[in-house]
Amino acid sequence: MEQSLKALEFDKLREMLVNLAGSEESRELLSELSPSQSLKWVKEELKRVEEARGFIERGSSIGGGGLKDIRPLLKKVAVVGSSLMPEELLAVLHHLRVHHSTRRILDKDRNEMRLICRIARPLEPLPDLEGRLDSCLTPEGSIRDKASPELSRLRKSIVQQQNNLRDKLSKLLPKLTRDGVLREESFTIRDGRYVLPVRSDSFGKVKGIIHDRSSTGGTLFVEPTSLIDAGNELRHLELAERDEIRRILRELTDEVRDHIDQIRENQRVMTEIDLLFVKADLAVKLDCIMPVVTEEGPIRIFGGRHPLLMLTGERKTVPLTLELGIDWTTLVISGPNAGGKSVALKCVGLLCAMAGCGLHVPALPGTELPLYVDIQADIGDQQSIADDLSTFTAHLTRQKEILEKAGRRTLVLIDEIGAGTDPHEGSSLSISILEQLTDLKTPTIVTTHHGTLKAFAHSTKGCANGSMEFDLKTFRPTFRFRPEIPGSSYALDIARRAGLPDKLVERARELLGSDRSQLEDLIASLGNKLRQYETLVVDEKERSDSQKSLEEAYQKKLAKIREREKDLKKRTLEQGEELLRSARRTVEAVVKEIREEKASREVIKHAHEALDKLSERLSDDSKLPEETKPVTKKRKERPVKKPQVIPDKEPELGDTVRIDDSSTTGEITDVSSKGDRVCVAVGSVQLWVTKDRIMVVKQRNKTPVQGVRMKGGVIIPKVPLDLDIRGCNSDEALRNVDNYLYDGAAAGRDRLGIIHGKGAGILSRKVRSHLKNHPLVQSFRFGEYGEGDYGVTLVVLKK
């Protein structure tokens, strides 16, 4: 399969993964990455990558990128009696720290990373060894004084002896400098011995041992005789320090050797984790999804994008939607040169290979890819001078190998089949090859310019045509794939566009023949009509989804309002009953007092005062719920009159109608295909209702409707349930989204909808990226079935 993967440029994808890796072990494995044949492993790997991606998107990090490869050090440690240098032990310590921190992170997030924790079970930190190395090594890679009591004692003695030597030299310097014996009033160190810079012509004036001479010969570095014993003592201490350090290093290396098996196991687990996070990092960069992987199912690619074009940014990637293996197993793609045929071919191959490697793919949810045991591709120039093969012969040799390996679980991709020789003979050979592949039910995609192959695909069971769209207005390819429609090469049109004389182009058309010319014109015309039809279908589908989503959202809002009204009535009734009971108690008390006191004037006055207080309390609306308080009107308003109904009038577009028996009116803006429902625009709200709920009216004194007044006096704010940004550029769309979110928050809305359409998915990705860090947004998701699917993003605002 390696030759085919190279033809698909899978090696470039490997290089990008290698550059994302954090360890040398991961880089080596990724450089040899190839599709697995284990469906179980692939499905589990895709889920593990999904967990790692979620961890990255939460803003967390894991692993130890940039660490030194310690495998050679562990081999060295395995030899009994060996000893690592301090900087080598420091490298081991860095890995132990990463093992420890990774274990801690996984234990903390084990609920969100269950699958990754499962493969990380063998990861066991070694805190004792980590602490031992940390206590003996400095960050710079030297041995600490406290590594052992003996080392600490020796280093203190060395410092004392060095100070002793400096004191003695300091006493000698002034006199020797005055006598002109020294080159300068200072001392230095040569070969670990303290020496004086004596002039060559004053050599005899200082007794001692010469350790060095300057490059010019004018200065001799002499250790005075009086300092030799002290210098010997210092050297003795330094040698003892060296031996103690060697002993400590051997001891530390022995401790590492005792845990070498666990360290190697930890390294293996860390490499697996690093591989998962490299794959997850790529998924985030390419905005990938986890595909559905089957054993022998069909290829269903929705909005697939070529990963290399996305990473390099060479040009804008056009999504590919393609199916294979449902009604046909052989697909013949035709179209103009540089129209995207080869890119589409490679895109299918790369996505299948990525899925087989446990990688997420750049496509839309719902993408389904089979796990092929082999991918055979014949793409590019196979010419070989060394083997004395022409381009055509090399292709035939490759196609012979493909036929030998063909089968139901082998994906075959052939670019420009039948090219490089006589068109009639090349077409005949190609048809015979495609017939055999079709009979074997081998999933096959080929590209061609040969009309004979287009006719073969049209008339043969198990085969189908496909083409890359070409815009006749601009004479540029659109790079959009059209299933079941053959494509034209547009050679003559492109030739005229390129500046060839019209006379030559017309002569070529005559030589082509009227039948062939008419066929090419017919294909072009069909392609243009298909494009128009697809645009209408997409617009209608998006409009239908939008209307359904709006109606469902309105019904939910209406249900909430009715529930709120019911609650208000209940609360008002309970408080009213309590006031009534209190009033009865007060009246009974007053009557009783009058009877007992026989209605004296003072008692009657007191009773009147009690009743007045009760009246004030009953009229005081502060005890009522805020929503039920009467509204103080500044001016007298005329009662609302219900519009007059026009009897026996069939509702039509543009009619003003009344809904049910209310005073609310609106204009009919749309009628369902069956004619049993109409869409009524009431202010900024679009409501679908059945015809039996409306009556045509003759509206009087038409005034602007500021909102929809529901039963109970509640007003729905003029913030639309959904914002439609289709047709806007990115900047304009994001501005509209911001305004919509702030208006919705001000109006007290908790959920909003943004209609961006499906299309190439560019506007959708821009909006979702903008929503990720928006201060008003709590969460968001694509619409589900009946809510607009992937053409709508539903937003939950922060409370």
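What share of the contacts in the protein chain with a separation of 6 or more is accounted for by residues 24 or more positions apart? In this predicted model, such residues account for 66% of those contacts, a contact being defined by heavy atoms within 4.5 Å. Residues are numbered from 1 along each chain as its sequence is written, and side-chain values use heavy atoms, with hydrogens and water left out. Local features need pLDDT of at least 70 and side-chain atom pairs count only at pLDDT 80 or more, whereas totals for chains, interfaces and linings use all residues.

The secondary structure of the protein chain consists of 22 helices and 26 strands; helices (H or I, at least four residues) and strands (E, at least two) are DSSP runs numbered from the N terminus. Of the 799 residues in the chain, 43% are buried, where buried means under 20% relative accessible area, exposed over 50% and partly exposed in between (1.4 Å probe, protein chains only).

Helix packing was examined for two pairs that share α11. Two packed helices are described by the angle between their axes and the distance between the axes. Axes are lines fitted to C-alpha atoms, for helices over the stretch in contact, and angles run from 0 to 180 degrees between N-to-C directions. The axes of helix α4 (residues 39-57) and helix α11 (residues 260-286) come within 8 Å and cross at roughly 70°. The two helices are therefore roughly perpendicular to each other (under 35 degrees counts as roughly parallel, over 145 as roughly antiparallel, 65 to 115 as roughly perpendicular and the rest as oblique). The crossing of α4 past α11 is right-handed; in a right-handed crossing the near helix is turned clockwise from the far one by less than a right angle, and in a left-handed one anticlockwise. On the α4 side, the contact includes Trp41, Arg48 and Phe55, and on the α11 side Leu276, Phe277 and Val284 are among the residues involved. By class, this contact has 10 nonpolar, no polar and 6 charged residues. Ala, Val, Leu, Ile, Met, Phe, Trp, Tyr, Cys and Pro count as nonpolar, Asp, Glu, Lys and Arg as charged, and the others, Gly among them, as polar.

Helix α6 (residues 86-108) packs on α11 at an angle of about 60°, with the axes 11 Å apart, which makes α6 oblique to α11. Here the crossing is left-handed. The contact is formed by His95, Leu96, Val98, His99, Thr102 and Leu106 of α6 with Ile263, Asn266, Gln267, Met270 and Ile273 of α11. It has 6 nonpolar, 5 polar and no charged residues.

Leu331 has Ile445 of β12 as its bridge partner.

Two individual residues were also considered. Arg132 lies in helix α8 (residues 127-136). Its C-alpha atom is separated by 8.1 Å from that of Leu252, 120 residues apart along the chain. Not counting residues up to four places away in sequence, Arg132 touches Ala147, Glu251, Leu252 and Glu255. Asp722 belongs to strand β23 (residues 722-724) and counts as buried at 11% relative accessibility. Beyond its neighbours within four places in sequence, Asp722 is in contact with residues including Ser549, Tyr740, Ile754 and Val792.

Conventions: Pairing = 2+ DSSP bridges.
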